[in-house]
Amino acid sequence: MDYISGRESYGRVLVEIGENEKIVVLDADVSKATKTSYFAKKYPERFFNVGIAEQNLLGVAAGLAVDGKIPVASTFAVFATCKALDQIRNVICKSNLNVKIVATHAGLTVGEDGASHQSVEDISIMRSIPNIVVIIPADGNEAANAIKQAVLNYVGPVYIRLSRFESPILTKEDDEFTIGKAKVIGRGSDLTIVSTGILLANAIKARDCLKQEGVSAALVNLPTIKPIDRDILLGYAKKTKAIITVEENTKIGGLYSAVSEVLSESFPVPIMSISINDKFGMSGSVEDLSKYYSLTEKDIVSKSLELIKLKERIYS
Amino acid sequence: MNVKNLKEISNNIRAEVLKMTTNAKSGHPGGSLSMADILTVLYFDILNHDPKNPRLKQRDIFILSKGHCAPALYAALGLCGYFSKDEFRRLRKLGSVLQGHPDSTKTPGVEVSTGSLGNGLSVGCGIAASSKIDGNVRNIYVLLGDGECDEGQVWEAAMFASHYRLDNLIAIIDLNGYQVDGKTSDIMNIEPLNKKLEAFGWEVFEIDGHDIKSIASTFKIATGSKNGKSKAVIAKTIKGKGVSFMENENKYHGTPLKEDELSLALNELKER
Ligand SMILES: Cc1ncc(C[n+]2csc(CCOP(=O)(O)OP(=O)(O)O)c2C)c(N)n1
Ligand SMILES: [Mg+2]
């Protein structure tokens, strides 16, 4: 299996689409880490490093968008969404400006840097702001395809959440990416696993384990959390009557909340969550952290079995 | 003050920084070495503190605003006796007392959690203002990076400090000339830093950040003058100072030494 980080795919795809002269890339002194450095090298006249100044980063991006450019602004997810939140909300989203925010180093998989750098609430924060599209790619290919769509074929603010971690390639290079559309990875009848982001790798393994235990799990990859694919969620809620959501984000306000919001008012079924349970991150290896925060395939399996029991109790 | 002693301590801090980051296979040695002499003078000569009683009411406060250089702070705190030196080996490991960035809820002696750059001086202002309310005679030291001075919040805090005449606040800028993406002069020019700070109403001292004697005497002068002005110590330093092949080599900003580089570095430090 091949591995690549979201940020590496991002860096490469920016160079690929960079000949479009409307694209202007901005970074806040972490271009070597976000990989916007590749674009900076090829198109220095359309690259701005603002220094360690995230609020200015998003403010300057807004100005470029006002004048018709397509600004793509990058820094670590925690600083983009927490330090520069006012600029995103009051300047970019309120005026529906065409700014693309591509944030890297999201989630616990930042690893050793620890809590200050592990963004575990950015999905919740960004999802709550009107007008913005929120995309969490599952792998490097999906990241590249989503970025191309968001930058070249969509007008309006978009937040794309990428990781530092080198995760397995799970989707195809030529898969079509449509903003707002989820993808069925595998069919099933007993429950549905809905996953967003790089934890899809664990979800796939969990589905295989469940199969061996005689449990038929459907698996849906949901990269666009906003706007959310209501049809697929409703369809699978009706079909399997039990849903488990999987995300590298706090339980409060992320994928679990988004799915619950859709289903509770249309077709309520039991929903359980694999996520971070209202805690900050901490330093550690990715492997240790996945275990500590219960995000492994084993955790998905045991939570799924728990969910099936709940489903049986409810519908018996 | 015994300069020879302090030099030895700062060398020890450097060695521990390099050992613990190599062992953790991550962390930020470059900026930890540039500030090692300043930290040494603070913790072993200037600060009124008691490792056996970290909550001492009258203690001076130190805030490492450039939190990524935690390894140097941990080395200083460990050598002072805030916790066992055995903890160094657990840096950045799951459940460790020593997190990747300073965490006041986990590490004895860490007063304020940092890691997101730009925050420390504001918190320092708050503690300095609180001390004034209480009539508590103590000094608040905040160590910032030169790249960190790009953050607008640093200047909001600078304005606050002079507006409220916080002469118990001392900002130290580790002027090592580099940030992540390169030289500060190429990425975002902060000069003239001295004139900016003066224009914000601060009293500015410019020193060699590796001259133990002048660091110590500057802190004594700065804290001695209660003239209503906050004090800024601009310390000219060398990123990676103390190990020849690390000096001004910015790849060591966020990359630890490999095992063979480490033994070379430790030998060099022994001979200093
Ligand atoms: C708000 C914020 N943005 C970005 C970073 C990532 N980062 C860590 S260290 C660093 C460069 C710091 O440069 P400087 O302040 O000069 O520190 P030093 O050279 O002493 O290491 C950056 C951008 C961060 N920690 N916080
Ligand atoms: Mg610096």
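Predicted model: local features only at pLDDT ≥ 70, side-chain atom pairs only at ≥ 80, totals over all residues.
A few ground rules come with the model: local features need pLDDT of at least 70, side-chain atom pairs count only at pLDDT 80 or more, and totals for chains, interfaces and linings use all residues. Residues are numbered from 1 along each chain as its sequence is written, chains are lettered from A and ligands numbered from 1 in the order in which they are written, and side-chain values use heavy atoms, with hydrogens and water left out.

Empty space comes up before anything else. Rolling a probe the size of a water molecule over the atoms shows where such space is left. On a 1 Å grid over the protein atoms alone, a cavity is a set of points where a 1.4 Å probe fits but cannot get out, while a pocket is an open set with protein on both sides within 12 Å along at least five of seven lines; lining residues have an atom within 4 Å of a point. Grid points are joined across faces, edges and corners, and a volume is the space filled by probe spheres set on the points.

By that count, there are 5 cavities of 30 Å³ or more in the structure. The largest cavity holds about 120 Å³ of space. Its lining runs to 18 residues, with Pro137(A), Arg161(A), Leu162(A), Ser163(A) and Ile198(A) the closest to the centre. In chain A, β1 (3-5) and α8 (140-152) each put at least two residues into this lining; helices (H or I, at least four residues) and strands (E, at least two) are DSSP runs, numbered from the N terminus. Sorted by class, the lining of the largest cavity comes out as 8 nonpolar, 7 polar and 3 charged residues. Here Ala, Val, Leu, Ile, Met, Phe, Trp, Tyr, Cys and Pro count as nonpolar, Asp, Glu, Lys and Arg as charged, and the others, Gly among them, as polar. The largest cavity lies between domain 1 (3-168) and domain 2 (183-315) of chain A, because both give residues to its lining; the domain bounds come from an automatic or database domain assignment.

The second largest cavity, at about 70 Å³, is lined by residues of chain B, including Tyr43(B), His49(B), Arg59(B), Asp60(B) and Glu111(B). Its lining splits into 5 nonpolar, 2 polar and 3 charged residues.

At least two lining residues come from each of β8 (166-168), α9 (200-212), α12 (286-292) and α13 (297-315) of chain A, and α12(A) gives the most, with 5 residues. The pocket lining has 13 nonpolar, 5 polar and 6 charged residues. Domain 1 and domain 2 of chain A both contribute to the lining, so the second largest pocket lies between them.

Next come the charged pairs. Over all chains there are 15 salt bridges, each a side-chain nitrogen of Lys or Arg within 4 Å of a carboxyl oxygen of Asp or Glu. In one of them, Glu16(A) pairs with Lys148(A), with the closest N and O atoms 3.2 Å apart. Glu16(A) lies in helix α1 (residues 6-17) and Lys148(A) in helix α8 of chain A, so the pair ties together parts that are 132 residues apart in sequence.

In chain B, Asp174(B) and Lys66(B) meet in a salt bridge at 2.7 Å, N to O. Asp167(B) and Lys132(B) form another salt bridge, at 2.6 Å, N to O. Asp167(B) counts as buried because its relative accessibility is 7%, and Lys132(B) counts as partly exposed because its value is 39%.

Finally, the metal. The magnesium ion (ligand 2) is coordinated at 2.1 Å by Asp146(B) (OD), Asn176(B) (OD1) and Tyr178(B) (O). Donors are N, O and S atoms within 2.8 Å of the metal (3.2 Å for Na, K and Ca); water is not among the atoms, so sites may look incomplete. The donor residues follow the sequence spacing D-x29-N-x1-Y. Both Asp146(B) and Asn176(B) are buried.

Conventions. Buried < 20%, exposed > 50% of the residue type's maximum accessible area, 1.4 Å probe, protein only.
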